[in-house]
Amino acid sequence: RFAESAFHKLTVLSVASRNDCERVAECLNEADVSAIAYHAGLSDNQRTKCQEAWIKGQYKVSHLLMHE
């Protein structure tokens, strides 16, 4: 399965929208790849928590960014 083999290290993905960001994170988590959505719609507190989790290595795919 692609998701299991593709994310051996911490990974940054770029997606087209906040909605895509949330959906990709959800799909990766369902495939047992730890992921968290990170986008402009998050509060400062939520972004800080995402960043801290990324630094601690709690997620393989921690920052799903979007292009606007």
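Reader: Hi! Which helix do Asp 20 and Arg 23 both lie in?

Author: Both residues lie in helix H2, 3 residues apart, or about one turn of the helix. Helices here are DSSP runs (H or I, at least four residues), numbered from the N terminus. This is a predicted model, where local features need pLDDT of at least 70, side-chain atom pairs count only at pLDDT 80 or more, and totals for chains, interfaces and linings use all residues. Residues are numbered from 1 along each chain as its sequence is written, and side-chain values use heavy atoms, leaving out hydrogens and water.

Reader: How do the side chains of Asp 20 and Arg 23 meet?

Author: In a salt bridge, at 2.2 Å from N to O. That term means a side-chain nitrogen of Lys or Arg within 4 Å of a carboxyl oxygen of Asp or Glu.

Reader: How many salt bridges does the structure hold?

Author: There are 2. Arg 47 forms one with Asp 44, with the closest N and O atoms 2.3 Å apart. Those two residues both lie in helix H3, residues 44-56.

Reader: Is Asp 44 buried or exposed?

Author: Exposed, at 55% relative accessibility. Buried means under 20% relative accessible area, exposed over 50%, and partly exposed in between (1.4 Å probe, protein chains only). Arg 47, at 22%, counts as partly exposed.

Reader: Back to H2: which residues are buried there?

Author: Cys 21, Ala 25 and Leu 28. Seen down the axis of H2, the buried residues fall within an arc of 70° (taken from the directions from the helix axis to the C-beta atoms), so they line one face of the helix.

Reader: And what does the face turned away from the buried side carry?

Author: That face of H2 carries the exposed residues Asn 19 and Glu 30.
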